[in-house]
Structure formats: structure tokens, C-alpha cells
Amino acid sequence: MLAVDRRSFLGTSIPGLAAALVGPALVRAGAPSAQRPDTLFLTWQRDPTTTITVQWIGTQSEVPDVYVSKWGATGAAWSATHASVRPFPLTNLRVFRVEVTGLLPDTEYQFRIGTQPATYRFRTMPVKATDTFSFVSGGDCGVNAHAAVVNALAAKQDPRFVVIGGDLAYDNGSSPESVLGFLRSYNRHMTDSAGRLVPMLACVGNHEVAGGYSRSRADAPLFLSLFDGLFRDTSYAALDFGDYLSLVLLDTGHVSAIGGDQTDWLRKVLSERADRPHLIVANHVPAYPSYRAPDGSDGTGADNRKYWCPLFERYGVDAVLEHHDHTFKRTHPLTGGLRNRYGVPYLGDGSWGQLRAPNSPEKRPYLAAVGQAYHMTVHRLEGEQRYHIAMEEGGKLADAYSTCGKRPAKKG
Ligand SMILES: [Fe+2]
Ligand SMILES: [Fe+2]
């Protein structure tokens with residue numbers, strides 16, 4: 001594990017980013033537009049190298065086809081896929097979903113919806129990690145001016161996708177208007193420099209669920225109306241990107257208990273992926289909190305540390321993305337809670353659009369770096385190298401950290 005030279009890695013891009021940022025955008029209220037849906041976003045239900053899922057919330061009475069063709073190819077044929085439709089809970093609106101399969105890896109496509117004239121671009125993920133690429137993570141967004149600015153900052157990094165680690169819209173299972181506002185802000189900002197839509201992945205947080213903890217799927221109706229393609233049977237899932245990256249999205253006790261079935265599943269999933277070049281976990285409540293207290297029988301993260309952290313250590317997880325505490329934090333690489341150069345780093349703590357003051361590393365020795373700033377993190381994968389670049393709302397560099405290669409996973 002080594003720290004990168006911040007100046008040499010990022011060059012002069014940070015001031016440029018800050019200068020390029022526009023002021024906070026206002027979130028529009030009201031019903032979604034029937035034309036050019038302002039809640040349109042991309043996600044994945046399975047293999048990101050050959051599929052894409054298009055979703056939006058709308059009012060159409062007719063269920064349209066989505067037409068896809070290769071981008072930039074003269075005379076390329078458009079193939080149609082029919083949308084599925086389901087209620088958007090607590091409203092008269094509907095969630096439209098189209099999964100397009102059989103795509104070519106690392107290829108640019110365009111699509112349009114029904115007879116609407118607008119076209120949108122996206123690209124599939126590569127099968128082989130032949131090129132450097134970035135994705136962005138963060139959590140605890142909400143619908144406010146800070147979240148909008150961090151959205152714009154994230155899009156400026158040209159990520160291939162975004163991972164939101166819970167507390168997306170703060171809908172609490174009961175506020176569809178919050179979800180609409182969140183999706184409109186994401187839709188407005190999350191386009192890369194070439195005009196391609198940036199897909200979103202998410203895991204569940206307490207504010208997706210009525211009651212927050214130890215509830216059922218029925219208590220997370222809004223979140224699951226959007227993401228039950230990936231979280232079809234369980235509220236946790238693993239997504240494999242070609243031969244180079246696996247992303248494991250967990251539920252920190254909101255719909256599924258941390259121990260029991262989820263831990264049994266996690267053990268199997270991690271053991272099967274221990275040799276992956278990049279094995280990254282995202283969850284909402286942190287194992288190593290920066291704001292809340294970790295101590296006591298029900299201290300924050302106690303179950304994570306009891307059930308999951310030993311598995312992260314055993315199977316060579318390269319980074320755990322944590323949220324919920326509304327700060328910037330990075331832990332030392334940890335084994336059993338103690339600093340160990342072969343341990344697991346925990347990056348967080350969810351301040352895309354929410355903020356608290358963290359405890360200091362002096363008070364919490366597992367912490368290596370903290371900050372009270374709205375932020376998101378750019379994860380840049382270059383061969384065996386991983387760079388984790390935390391950027392504050394105004395474009396300032398909060399932290400740069402890198403790891404390389406695989407720690408030896410313990411067998412058995
Ligand atoms: Fe939160
Ligand atoms: Fe939370």
C-alpha cells in the first residue's frame with residue numbers, strides 16, 4: 001500500500017474542475033414529462049459487458065419500445081425491446097424498464113424511446129481490463145444544492161458508472177417526490193464529456209426503508225421499484241465486470257440481517273472471487289464509523305465487524321466503500337480492527353449531499369484521514385493499480401490513496 005503523489009497524479013485538473021463547475025442547480029418539482037423523461041437513467045441487472053437496463057418514471061398510457069443501435073455506424077440497424085411497466089408506489093406514475101441484452105462489450109450505442117425524437121448514448125463495459133477506467137462512489141445524497149454540485153463534479157470525471165451506497169433520496173419508503181427529485185438531479189448532471197449517460201448502481205440504506213432497520217422488502221417499495229432487477233430475490237447482490245472487477249453490494253441490516261443468510265452468501269461469493277484483480281464491497285452502515293460510536297453491544301458496525309470483516313480479510317477484498325456517517329473518511333488498512341499493511345481499507349463515509357463533523361484519528365486510531373466536506377470518490381483502475389481519489393464539493397482534492405495487486409487471500 002502506498003500513497004500517491006497527489007500533484008503528479010492529478011496534475012492541474014483540480015483547479016480546472018473547480019473553475020468548470022457551475023453553481024447549484026435547482027431541482028424541478030411536479031410530474032415527470034411524458035416526452036424526454038427527466039427521470040431517465042441507466043443501471044444494470046446483470047453482466048455490464050453485454051447488457052444495459054434503461055429505466056424512467058413516466059405517465060404514458062402506452063408502453064413503448066426502446067430502439068437501440070450502434071453509435072457512429074452509418075446505416076446501423078435499430079433493434080427494438082419492449083418496456084416492462086410496474087407501479088411507482090404511492091403515486092399514479094409508472095416505472096418503465098427495458099433490459100437490452102446481447103450487446104457487444106466495450107461498444108458505444110445509442111437508443112431512443114418509442115416515437116420520441118431524442119437519442120441517448122451509452123457504452124458497455126469491456127471484458128478485459130486493457131484500458132484505464134474510472135468509476136465514482138459515494139452515498140447519502142438527498143435532493144439539495146450540495147448533492148447537485150457533487151453530481152456535476154462526479155460527471156466531470158468521466159466515470160464509466162456510479163455506485164451510490166445507500167440513502168439516495170431520503171424517501172424513507174414513503175416519499176416518491178424525493179425519489180423523483182433525486183432522479184431528476186442525476187439525469188440532469190450524470191452525462192460524461194462525450195454525452196454518454198453514466199449508469200447508476202446502488203445498495204440499500206436505512207433511508208430507503210420505512211423504519212430503517214430489520215424490516216422487509218415491502219418497507220422499501222420505492223427503492224425496490226427501481227432496483228429489484230438486480231436485487232430480485234435478495235437485497236444484496238454481486239456484479240462481475242469481465243475478468244477484472246467484482247462489485248459486491250450489501251445490505252447492512254435494513255431489509256436483510258447482516259448475519260445468517262447474507263453472511264453465508266457473502267462467504268460463498270467472496271471465496272469464488274478471491275482471485276479477482278479488483279474485488280470491491282459497498283455497503284451503507286460503516287464497520288469503522290467516523291462519526292457514530294463503534295463501541296457497545298449495538299455500536300455502529302458491530303455486526304459488520306463480527307460477521308463480514310473477517311471474510312473481507314480472508315478473501316482479499318481490496319476496498320470496502322462505506323457510508324451513513326456523512327463525512328469523508330479513510331481508514332488505515334485494517335485486520336481485526338488494527339492497522340496492518342496487508343489489511344482492508346474502508347473508504348467513506350457518505351457525504352455526497354449530507355454532512356457531519358467526523359471524529360479525529362487521535363480519537364479513533366483506525367482512521368487515517370477524515371474531513372468535514374461534501375465529497376465523492378473517483379476509483380481509477382489501471383492494471384493491478386487502484387487509485388482512490390476523494391474530491392470535495394468545490395473540486396478540491398480531499399485524499400489520494402492507492403493500492404496495488406492482491407493481498408494473499410487465505411485459503412479455506
Ligand atoms: Fe445518510
Ligand atoms: Fe444512513
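A helix crossing is left-handed if the near helix is turned anticlockwise from the far one by less than a right angle, and right-handed if clockwise. By that rule, α3 and α4 cross in a right-handed way. This is a predicted model, in which local features need pLDDT of at least 70, side-chain atom pairs count only at pLDDT 80 or more, and totals for chains, interfaces and linings use all residues. Residues are numbered from 1 along each chain as its sequence is written, chains are lettered from A and ligands numbered from 1 in the order in which they are written, and side-chain values use heavy atoms, without hydrogens and water. Two iron ions, ligand 1 and ligand 2, lie 3.3 Å apart and are bridged by D167.

**Iron ion (ligand 1)**

- Its protein donors are D140 (OD), D167 (OD), Y170 (OH) and H326 (NE2), at 2.1 to 2.2 Å. Donors are N, O and S atoms within 2.8 Å of the metal (3.2 Å for Na, K and Ca); water is not among the atoms, so sites may look incomplete.
- The 4 donor atoms subtend angles of 88 to 169°, so the arrangement is irregular. Four donors count as tetrahedral if all angles lie between 85 and 135 degrees; four count as square planar and six as octahedral if opposite donors are over 155 degrees apart and all others between 65 and 115; anything else is irregular.
- Along the sequence, the donor residues follow the spacing D-x26-D-x2-Y-x155-H.
- Y170 sits in the loop between β10 (162-164) and α4 (176-189), and H326 in the loop between β15 and β16; this pair, 156 residues apart, links distant parts of the chain. Helices (H or I, at least four residues) and strands (E, at least two) are DSSP runs, numbered from the N terminus.
- Y170 and H326 are both buried. Buried means under 20% relative accessible area, exposed over 50%, and partly exposed in between (1.4 Å probe, protein chains only).

**Iron ion (ligand 2)**

- D167 (OD), N206 (OD1), H284 (NE2) and H324 (ND1) are the protein donors, lying 2.1 to 2.2 Å from this ion.
- This arrangement is irregular too, because the 4 donor atoms subtend angles of 87 to 157°.
- The donor spacing in sequence reads D-x38-N-x77-H-x39-H.
- N206 lies in the loop between β11 (200-202) and α5 (221-227), while H324 lies in the loop between β15 (319-321) and β16 (328-331), so the pair ties together parts 118 residues apart in sequence.
- N206 and H324 are buried.

**Helix pair α3 and α4**

- The axes of α3 (residues 145-156) and α4 come within 9 Å and cross at roughly 35°. Axes are lines fitted to C-alpha atoms, for helices over the stretch in contact, and angles run from 0 to 180 degrees between N-to-C directions.
- A148, N151, A152 and A155 of α3 meet S185, Y186 and H189 of α4. Contact means heavy atoms within 4.5 Å.
- These contact residues divide into 4 nonpolar, 3 polar and no charged. Ala, Val, Leu, Ile, Met, Phe, Trp, Tyr, Cys and Pro count as nonpolar, Asp, Glu, Lys and Arg as charged, and the others, Gly among them, as polar.

**Backbone details**

- A cis peptide bond, with omega about 10°, joins G348 and D349. D349 is in the loop between β19 (346-348) and β20 (367-371).
- L90 is not a glycine, yet has a positive phi of about 70°. L90 lies in the loop between β5 (84-87) and β6 (94-100). L90 counts as exposed, at 59% relative accessibility.
- H326 also has a positive phi, about 65°, without being a glycine. H326 is buried, with a relative accessible area of 8%.
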